[in-house]
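Thank you all for coming. I would like to walk you through one structure today, beginning with a chain on its own and then turning to the contact between two chains.

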Amino acid sequence: MAETPKIRVPKTAKKGEVVEIKTLLPHIMESGQRKDKDGKTIPRKIINKFTAEFNGKPVFSATLEPAIAANPYMQFFAKVEESGTFKFSWTDDDGSVTTAEEKITVA
Amino acid sequence: MRQLSRRAALALGAGTAAVTLVGWRGGAWATPQAAGADIAKFTGGAVPEKGKITIELPEIAENGNTVPLSISVDAPMTDADYVSDVLVVAEGNPNPGVGTFHFTPMSGKAEASTRIRLATTQNIVVVAKTSSGKFYTAQKLVKVTIGGCGG
């Protein structure tokens, strides 16, 4: 929960431009398949949902399963028509949500 | 042959799902049938057409713990015609589900990348749903040297 996501969003864009966004959240993504040294299954603990919105409107989201690698990385695109703020959220199996924001200026 | 068994799984529908559930409880790994059941659930039983989807994956993944995956779907991404959901399943992982991407016209492109875990050499199957309710599919085989679901 205390982990800080890494996000790459261009600072500026032209109106109507499709910009590339990259995000990564440090997280173990414990699959629930592994066993500890006593043979007990280590309980699943993953980020199960990622969302990205721009000025309050959904841009991209993903439902994640344990088959997503540790430190879930997401690269996707957004079409920007106006300046505004991207909001990102990562939902953990334990219910905690990590959020982040990035601003973009559209000329 | 794999193609055939997936179709069979689609046709069997609920029956297959029940078998899958039992199999999963028994600790068995995903099979093309289980992956097919996931796809049938996603499409509501519709058989997806081949094409429109490009899957980028290494031919040989040395480390199954983190395998780069890129998916792009050929679509105009306008309000009238866009790709809304993209399902990714793995035929040889402990569970077939990998993830589902949800796009909107604001995505601009139906294209996303992430990194996935692969337990063994297997097919990755992608199914895309368009806003008009059409389904497209594609698949790609990945050879995995060291599996990524260690136990």
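Of the 151 residues in chain B, 48% count as buried, where buried means under 20% relative accessible area, exposed means over 50%, and partly exposed lies in between, computed with a 1.4 Å probe on protein chains only. Before I go further, please keep in mind that this is a predicted model, in which local features need pLDDT of at least 70 and side-chain atom pairs count only at pLDDT 80 or more, while totals for chains, interfaces and linings use all residues. Residues are numbered from 1 along each chain as its sequence is written, chains are lettered from A and ligands numbered from 1 in the order in which they are written, and side-chain values use heavy atoms, with hydrogens and water left out.

Chain B holds three helices and nine strands, taking helices (H or I, at least four residues) and strands (E, at least two) as DSSP runs numbered from the N terminus. Along the sequence the pattern reads α-α-α-β-β-β-β-β-β-β-β-β. Among the contacts in chain B with a separation of 6 or more, 67% are between residues 24 or more positions apart, a contact being heavy atoms within 4.5 Å.

Let me take strand S5 of chain B, residues 83–90, as an example, since eight of its eight residues are buried. S5(B) runs antiparallel to strand S8 of chain B, residues 122–130, with seven bridges between them, and strands are said to pair if DSSP finds at least two bridges.

As for the whole interface, the contact takes 27 residues from chain B and 30 residues from chain A. The size of an interface is often given as the accessible area lost when the parts come together. Here the buried area is about 2300 Å², with carbon and sulfur atoms giving 54% of it; the term refers to the accessible area (1.4 Å probe) that two parts lose on being put together, summed over both. On the side of chain B, Met106(B), Arg115(B) and Arg117(B) lose the most area to chain A, together 31% of what that side buries.

How many residue pairs are in polar contact between chain B and chain A? The count is 16, both residues at pLDDT 80 or more, with a polar contact defined as a pair of N or O atoms within 3.5 Å, where within protein one must be able to donate a hydrogen and the other to accept it, and residues adjacent in sequence count only if both atoms are side-chain atoms. The elements giving two or more residues to the side of chain B that touches chain A are strand S6 (97–103) and strand S7 (110–116) of chain B, and S6(B) gives the most, with seven residues.
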